[in-house]
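Please read the points below alongside the sequence and the coordinates.

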Amino acid sequence: MNTILPTPNEVTEMFGQAGQASATRPRIIVSPQIRSIVKMKQDAAATKKLLDLIGLTIERLFGGDMIRAARWLGYSDTVLRWIQVNPRLDSRQVLIRSDLYDDGGVPKMLELNLGSSVGGLLEASFHSVVLKLSSVSDAVREHEAEWMDTLKEWAWLMARSFLSHRSNPLLAFVESEFSMPAMQATLNNIAGRFHEITGIRVTVCTPKELERRKDGLYASGEKVDVIYRLFDLEDLQRTPSEFEHILDALENRLVEMPMGISCRIAGSKALFALLSDPAYQAGLSAKDIEWIRLHIPETRLLTIGNKGYALRKRERLLIKPADGYGGAGIVCGWKTSEAEWGAHIDSYLSSAPQGAWAVVQERVTPSYGSVVIANEEGRVHEEQASFLWGCYLFGNRYIGHILRTKNTGDDAVINYSNGAAIGPVFYNEDRERTGCP
């Protein structure tokens, strides 16, 4: 059956409805991606299992002490002080997104993102946007597909988990001064949707717009009850003084900040290496070790001791910063010469004496299929693309999927920063059918 491309007028209308939904104005997948509910449940179960194993690893190797784990991983005293505010990870009340490839029907977990800085919520809920296209709505109706509004599920779970015990609370989305210009439109959109869904008051601000008073933090004269943290490790280490009054209020229990910096530590790719490397697997059951072998690409800390391993296997490895995101800093061994690869390794090793700032991870071949891509200028085209699935959970509850794709002619890693297209995922009770016409 031939693919039906939407018209430029339809695409213009669609982007008009999306409004300022994304600060980076992504390329949007406008062919309905219909994934079987069986596969979705499989992805969710693997995501939950991975989170459990990470928690178990922190217990096994660090006695459950996140500060001890962070110190071993080489984080600064500035970061350790923030971890002391929320030293333990509550897996029952945290936003999670796993990024995975479908490896012959087996979810291969590339990384785990945890906490309030997890992105893509708006785009994961773009179903109503792409359904404006007749080509999408017709295919969804024909295949009796359904969808989950990830943003709505997130909002209700946030309200129930952290705000329901308060009377008329104020939630503040706090982003750094550095990142706010790029993120303002997106955060305003999310804040507006959050208020519309829950009725809870919400504001978007930078740390400078929060005033420290005797009894807490205030935004535009209103006392803030809960901070939804968007600022991240890089911000805290770049300008720690910008956040000092927030840390002081947290230490004095004058404001709450669920999903704190401990979430970022638990999402470190170095923990993938501690799961994958036999040198750190003591105490794991044989069943867990087999699960890890099947679902986690071979991952090793980039250390002096592992340098020979990394050099020998260049053509099947990537270097990934341990706490990086969005694809920043990733080096693909198969795209570099031996000399370039060695130079990258030496650069990482010299900048991180403890050697836990980066990992090398086995290359995994993604699944691929046909997708239709549209951009804001109204251009639409079909391409063969590699698929990267994102599976969202809030605690133990599955709340939806997102899909990112990259043209198969480009063998780089699929991520937002290198121009991947992005779109919502529909589901079908009976079968999987991606890229429906």
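Which residue of β18 stands opposite Gln33?

1. Val425 in β18 stands opposite Gln33. The two strands concerned, β2 (residues 33–36) and β18 (residues 421–428), run parallel and are joined by 4 bridges; strands are taken to pair if DSSP finds at least two bridges between them. From β2, Gln33 and Arg35 point one way while Ile34 and Ser36 point the other way, and all are buried, where buried means under 20% relative accessible area, exposed over 50% and partly exposed in between, with a 1.4 Å probe and protein chains only.

2. On provenance, this is a predicted model, in which local features need pLDDT of at least 70 and side-chain atom pairs count only at pLDDT 80 or more, whereas totals for chains, interfaces and linings use all residues. Residues are numbered from 1 along each chain as its sequence is written, and side-chain values use heavy atoms, with hydrogens and water left out.

3. The protein chain has 16 helices and 18 strands, these being DSSP runs (H or I, at least four residues, for helices; E, at least two, for strands) numbered from the N terminus. Of its 437 residues, 56% count as buried. Among contacts (heavy atoms within 4.5 Å) between residues at least 6 apart in sequence, 73% join residues at least 24 apart.

4. The largest nonpolar core has 107 residues, and Trp82, Leu95, Trp154 and Ile246 are those with the most contacts inside it. A core here is a set of buried Ala, Val, Leu, Ile, Met, Phe, Trp, Tyr and Cys residues joined through side-chain atoms within 4.5 Å. Helix α2 (residues 37–62) supplies the largest share of this core, 10 residues. Apart from it lies another core, of 13 residues, which includes Ile34, Val129, Leu133 and Val372.

5. Helix α11 deserves a separate look. Its buried residues are His245, Ile246, Leu247, Ala249 and Leu250, and what covers them includes α4 (77–85), β5, β7, β8 and β10. Once neighbours within four places in sequence are set aside, Ile246 is in contact with Trp82, Val174, Pro207, Leu210, Leu217, Ile227 and Phe231. The helix is followed by Arg253, whose phi is positive, near 55°.

6. Three-stranded sheet: 3 strands form an open sheet in the order β7-β8-β9, with antiparallel pairing. The edge strands, each pairing on one side only, are β7 (210–213) and β9 (222–223). A hairpin joins β7 to β8 through 2 residues, and these two strands pair over 4 bridges, with Leu217 in β8 as the bridge partner of Arg212. Strand β8 (residues 216–219) and β9 pair over 2 bridges, and Lys223 in β9 is the bridge partner of Tyr218. Helix α11 (residues 244–251) packs on the sheet, touching β7 and β8, and its direction makes about 45° with that of β7; axes are lines fitted to C-alpha atoms, for helices over the stretch in contact, with angles running from 0 to 180 degrees between N-to-C directions.

7. Four-stranded sheet: a further open sheet has 4 strands in the order β11-β14-β12-β13, again with antiparallel pairing. Because β11 (299–301) and β13 (331–332) stand at the edges with a single partner strand each, one side of each is left without a neighbour in the sheet. Between β11 and strand β14 (residues 358–362) there are 3 bridges, and Leu301 stands opposite Val359 in β14. Helix α13 (residues 269–276) packs on this sheet, touching β11, β12 (317–321) and β14, at about 110° to the direction of β11, while helix α16 (residues 338–351) lies across β12, β13 and β14, running at about 30° to β12.

8. A search of the whole structure finds 12 aromatic pairs, counted if the ring centres of Phe, Tyr and Trp (its six-membered ring) lie within 6.5 Å, with planes under 30 degrees apart called stacked, over 60 edge-to-face and the rest tilted. Phe173 and Tyr228 form a stacked pair, at 5.0 Å centre to centre and 25° between the planes. This pair links distant parts of the chain, with Phe173 in strand β5 (residues 170–174) and Tyr228 in strand β10 (residues 226–229), 55 residues apart.

9. Two charges over rings complete the note, the criterion being NZ of Lys or CZ of Arg within 6 Å of the ring centre and within 35 degrees of the ring normal. Arg213 lies over the face of Tyr218, at 4.0 Å from the ring centre, and Arg363 lies over the face of Trp334, at 4.0 Å from the ring centre.
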